[in-house]
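Please read this report alongside the sequence and the model. It takes up the sheet, the helix packing and the aromatic pairs in turn.

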Amino acid sequence: MINICLISLGCDKNTADSERMLGLLNNKGYGITSDPEEADVAIVNTCCFIQSATQESIDKLLEIAEYKKGRLRYLICTGCMAQRFKDEISDELPEVDAFLGTMSLDSICEVIDELISRESMPDNSFAEKNKAVKRYDEIDSPYPSRTGIERLVTERPYMEYLKIADGCDKKCTYCAIPYFKGRYKSVPFESVISEAEVLATSGVKELILVAQETTCYGLDLYGEKRLHLLLRSLSEIDGIEWIRLLYAYPEEIYPELIEEMASNPKVLHYIDMPIQHTEDNILRRMARRIDRAGIRRVVADLRKAIPDIVIRSTIITGFPGETEEEHESLLDTLEDLKLQHVGVFAYSQEQGTPAAEFDDQIEDEIKNKRLEDIMFLQQDISEKFLEENIDRELDVIIDGYLPDEDVYVGRSYMDAPDIDGMVFIDSERELISGEIVRVRITDSDIYDLEARLLDI
């Protein structure tokens with residue numbers, strides 16, 4: 001049997017793509033291994049969102065290429081980096097035998113078959129035999145319609161990322177994504193529901209909806225936003241208990257969506273809403289489609305309709321031209337908004353983006369100092385918010401057990417996996433990963449909560 005090892009880098013959208021590829025390979029009869037030393041074929045699903053992610057992808061490919069000295073026969077580069085640098089990547093990485101772009105991942109089995117078939121070519125066909133295989137479908141093509149999608153779950157079998165769209169039409173000046181992901185393209189409604197039904201049948205309880213931007217779902221296919229309708233249909237699937245929404249751009253949040261979140265018991269009162277900055281001048285230079293007043297208005301609308309909503313956001317600090325006064329004003333606005341979770345990134349000067357050519361690029365030392373300022377502020381906001389939850393009763397999904405501390409680890413509706421906090425649970429009975437239990441919060445720190453199990 002030919003064994004395949006797939007390494008997935010980058011975001012949760014990549015995780016969803018990687019699991020789909022693994023499902024296709026598994027259905028084709030290939031063996032799946034997590035150890036590249038036992039693999040005949042290795043696949044690296046790459047990321048290149050910022051320079052550090054690109055370097056990580058390159059380093060991983062070169063690391064895996066070393067296994068060709070042993071059993072490994074072929075190395076395949078898929079996804080974002082393969083797409084973004086398609087014109088030069090095969091010359092820069094001769095160790096790689098095949099490249100698949102972001103809209104070509106469904107061809108993974110055919111590409112592996114082609115590589116293996118070359119082994120029977122005569123020796124005098126050396127050049128053709130060793131030429132990299134390339135698959136680059138048009139990135140602006142509509143997202144393909146699929147039904148009965150099977151995925152090979154690689155992490156938590158009770159929780160899965162559900163990709164509902166790809167690409168982006170925003171073209172923010174700092175972001176390279178539209179150049180290698182193409183225009184916004186919704187996954188057809190029926191395909192999303194079909195995939196969710198398959199996941200539910202396999203035991204998934206928590207669906208996490210992801211895309212470059214979830215809030216525009218359906219606009220390209222149906223002429224109107226249909227995220228609220230999608231949430232409603234997903235909630236009707238037996239077995240699905242929690243639905244979590246990520247990557248909701250603030251300017252695209254609309255009344256019907258807020259109403260569905262407020263009224264649907266399976267939709268968690270949690271939203272990831274990237275604002276990137278709060279100062280109007282910086283937002284204009286970023287080509288964001290909202291201003292500070294608009295951000296405040298959306299936050300107020302969400303909290304009015306859903307008083308216990310938890311809002312996660314991201315901030316880019318050190319954008320070209322950002323003044324010290326704008327940085328201080330950003331801090332003041334964040335202090336006022338009191339968003340429960342905030343991730344902060346120092347601006348990365350990405351090749352090919354308009355902002356990379358802006359004057360007034362800011363030194364790394366200043367960027368890092370401003371990043372620390374925001375993080376210290378957010379730690380204080382988070383600590384006070386979590387303290388307010390002491391004595392509160394919450395439902396928690398169990399993620400595991402820490403034997404050294406004799407506590408279980410879980411997440412409430414307030415925490416997305418791997419990016420937010422955790423709940424440490426004292427329980428006299430054994431809890432199973434994926435089980436949803438009721439707890440009472442007993443203590444808190446900067447990021448996490450402590451709780452005890454309630455017998456209900």
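Predicted model: local features only at pLDDT ≥ 70, side-chain atom pairs only at ≥ 80, totals over all residues.

Six strands make up an open sheet with parallel pairing, in the order E7-E10-E11-E12-E13-E14. Strand E7 (159–163) and strand E14 (341–346) stand at the edges, and because each has a single partner strand, one side of each is left without a neighbour in the sheet. From one strand to the next, the twist averages 20°. Strand E12 (residues 267–272) pairs with strand E13 (residues 310–317) in the parallel sense over 3 bridges, and Asp272 stands opposite Arg312 in E13.

Helix H1 (residues 12–28) packs on this sheet, where it touches E7 and strand E10 (206–210), and its direction makes about 95° with that of E7. Helix H11, for its part, lies across strand E11 (242–245) and E12, running at about 135° to E12.

Two packed helices are described by the angle between their axes and the distance between the axes. The axes of helix H10 (residues 227–235) and helix H11 (residues 255–263) come within 8 Å and cross at roughly 25°, which makes H10 roughly parallel to H11. In this contact Leu227, His228, Leu231 and Arg232 of H10 meet Glu256, Leu257 and Glu260 of H11, a set that divides into 3 nonpolar, 1 polar and 3 charged residues.

H1 also packs against helix H5 (residues 108–117), at an angle of about 55° and with the axes 9 Å apart, and the two helices are therefore oblique to each other. Here Met21, Leu24, Leu25 and Lys28 of H1 meet Ile108, Cys109, Ile112 and Asp113 of H5; by class, the contact has 6 nonpolar, no polar and 2 charged residues.

The count of aromatic pairs comes to 4, and two of these pairs are set out here.

| Pair | Centre to centre | Between planes | Geometry |
|---|---|---|---|
| Tyr174 and Phe319 | 6.4 Å | 85° | edge-to-face |
| Phe319 and Phe358 | 6.1 Å | 85° | edge-to-face |

Tyr174 lies in the loop between strand E8 (165–166) and helix H7 (177–181), and Phe319 in the loop between E13 and helix H14 (324–337), so their pair ties together parts that are 145 residues apart in sequence. Phe358 lies in the loop between E14 and helix H15 (364–387), so the pair of Phe319 with Phe358 ties together parts that are 39 residues apart in sequence. Tyr174 counts as buried at 8% relative accessibility, as does Phe319 at 0%, whereas Phe358 is partly exposed, with a relative accessible area of 24%. Tyr174, Phe319, Tyr347 and Phe358 form one aromatic cluster.

Technical notes
Residues numbered from 1 in each chain as written. Heavy atoms only, no water. Axes fitted to C-alpha atoms, helices over the stretch in contact; angles between N-to-C directions. Helix = DSSP H or I, 4+ residues; strand = E, 2+ residues; numbered from the N terminus. Parallel < 35°, antiparallel > 145°, perpendicular 65-115°, else oblique. Contact = heavy atoms within 4.5 Å. Nonpolar A, V, L, I, M, F, W, Y, C, P; charged D, E, K, R; others polar. Pairing = 2+ DSSP bridges. Phe/Tyr/Trp six-rings, centres within 6.5 Å; stacked < 30°, edge-to-face > 60°. Buried < 20%, exposed > 50% of the residue type's maximum accessible area, 1.4 Å probe, protein only.
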